[in-house]
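Please work through the following exercises with the sequence and the coordinates at hand. Each task is followed by a worked solution.

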Amino acid sequence: MSQSVKGPAPAPTSFPGSDKLKIGIVHARWNKEIIDALVKGAVESVQKAGVPTENILIESVPGSWELPQGCHMMDKQPVDAVIAIGCLIKGSTMHFEYICDCATHGLMRLGLEKKKPVILGVLTVLNDDQGLERAGIGRNGKAGHNHGEDWGFAAVEMALKAK
C-alpha cells in the first residue's frame, strides 16, 4: 500500500521570537463542527510555537465569502499574520465555485497588498466526510488530520519571516 505524498514537510521545531508575535484568526461560521475543530487546531499549534494565548486574536464572519473582508478588518488590531479559516462543501450549484475562487483570490490579494502573511485555511471539499477528515474528526474510524495545526505553524513561520 502506497503512502500519500501530500502535505507540508515538517514545520520548524522552534520559532525564536514567536513570544512577541500577535496572530489573528478569522473564521467563518458555516459548517460549525468542522470550523470549531480547525480553529482549535490552529490555536493549539500557535501556542506550541510559543505565541502567548493573549496574543491570539479570534474573530468570526458569517461565511467564507466574508473572510477577505474580515481579515482586512483584523488589521485594526495590529497582527503579524492572520489565518483565514473556512470550509466550503460542494453542492449542486455553481455557488461553491464562485465563493472558492473569490475568497482565495481575495485572501491572496490582501496578503500581497498589506505585505502581511494571510494563511489560506479554507477547505474546499466535495462532501461532509472530506471536511470532517481534514478537521481531524472524521467518521467511521477515519479521523484524518487537523489541517488547522498546519495553518497555525505556517502563520508563525511566515510572521517571523516577514519581520
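Predicted model: local features only at pLDDT ≥ 70, side-chain atom pairs only at ≥ 80, totals over all residues.

**Exercise 1.** Determine whether the residues of strand S1 (residues 23-28) are buried or exposed, and which way they point.

*Solution.* Begin with the count: six of the six residues of S1 are buried, and the strand is mostly covered. Next, sort the residues by direction. Ile23, Ile25 and His27 point one way, whereas Gly24, Val26 and Ala28 point the other way. Buried here means under 20% relative accessible area, and the residues of both sets are buried.

**Exercise 2.** Identify the strands that pair with S1 and state the sense of each pairing.

*Solution.* Take strand S2 (residues 56-61): S1 pairs with S2 in the parallel sense over six bridges, and Ile23 stands opposite Ile56. Then take strand S3 (residues 81-89): S1 pairs with S3, also in the parallel sense, over five bridges. In this pairing His27 stands opposite Ile85.

**Exercise 3.** Describe the span of H1, its buried residues and what covers them.

*Solution.* First, the span: H1 has 17 residues and reaches 24 Å from its first C-alpha to its last, close to the 24 Å expected at 1.5 Å a residue. Second, the buried residues of H1 include Ile34, Ile35, Leu38, Ala42 and Val46. In an α-helix, residues three or four places apart point the same way, because there are 3.6 residues a turn. Third, the cover over the buried residues of H1 includes S1, S2, S3, strand S4 (118-125), and helices H4 (128-134) and H5 (147-162). Last, H1 is followed by Gly50, whose phi is positive, near 110 degrees.

Conventions:
Residues numbered from 1 in each chain as written. Heavy atoms only, no water. Buried < 20%, exposed > 50% of the residue type's maximum accessible area, 1.4 Å probe, protein only. Helix = DSSP H or I, 4+ residues; strand = E, 2+ residues; numbered from the N terminus. Pairing = 2+ DSSP bridges. Expected span 1.5 Å × (residues − 1). Contact = heavy atoms within 4.5 Å.
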